[in-house]
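Here is a walk through one structure, from its aromatic rings to its nonpolar cores. Keep the model open as you read.

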Amino acid sequence: MGDFANRVFAVVRRIPRGKVATYGQVGRLIGAPRGARYVGYALHANPEPGTEPGCIPCHRVVFKDGRMATGFAFGGPDEQRKMLAAEGVGFDEEGRVLMDAFQWDGRSDGAGTESEPSGPPPDFDWKAELGE
């Protein structure tokens, strides 16, 4: 795998059990804020999928609105949802992850350190950043 994919895999390995991240969030954490699509390409080629230690838990990466990836490479969106539910992730009535409760904050263990990103400041303008 290339450097980009290896950086994606390193971040995804840090997503704790019972939490999710978005494709765009992973992109931002590796320094590619507009690389969400490429994060998905890298994860589609995940060489070590699974939930065991050392695996790359790509099932923990979802769309920004909490939807599952329709082309989830390892069994489809239903399998992705089952894997997340088994970890305690909650869903709304439309089957989307409850992002307010289950989105990872970017810290390794939830406690974080000063050197780890905790997310943008409260007044960060996502629409301006993403050109929406």
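**Rings, charges and cores**

Across the whole of this predicted model, a search finds 2 aromatic pairs. Tyr 23 and Phe 63 make a tilted pair, 5.4 Å centre to centre with 50° between the planes. This pair links distant parts of the chain. Tyr 23 belongs to helix 2, while Phe 63 sits in the loop between strand 2 (61-62) and helix 4 (76-86), 40 residues apart. Tyr 23 is buried, at 13% relative accessible area. Phe 63 is partly exposed, at 29%.

Tyr 38 and Tyr 41 form an edge-to-face pair. Tyr 41 is exposed, with a relative accessible area of 52%.

Charges also sit over rings. Arg 81 lies over the face of Phe 91, at 4.3 Å from the ring centre.

Now turn to the nonpolar cores. The largest has 19 residues, and Val 8, Val 12, Val 26, Leu 43 and Val 61 touch the most other members. Helix 1 (3-14), helix 2 (23-29) and helix 3 (36-44) are the elements that each give two or more residues to this core. Helix 1 gives the most, with 5 residues. Beyond its neighbours within four places in sequence, Val 8 contacts Val 26, Ile 30, Val 39, Ala 42 and Leu 43. A second, separate core holds 9 residues, including Val 62, Met 68, Leu 84 and Val 97.

Technical notes
Residues numbered from 1 in each chain as written. Predicted model: local features only at pLDDT ≥ 70, side-chain atom pairs only at ≥ 80, totals over all residues. Heavy atoms only, no water. Core = buried A, V, L, I, M, F, W, Y, C linked by side-chain atoms within 4.5 Å. Buried < 20%, exposed > 50% of the residue type's maximum accessible area, 1.4 Å probe, protein only. Helix = DSSP H or I, 4+ residues; strand = E, 2+ residues; numbered from the N terminus. Contact = heavy atoms within 4.5 Å. Phe/Tyr/Trp six-rings, centres within 6.5 Å; stacked < 30°, edge-to-face > 60°. Lys NZ or Arg CZ within 6 Å of the ring centre and 35° of its normal.
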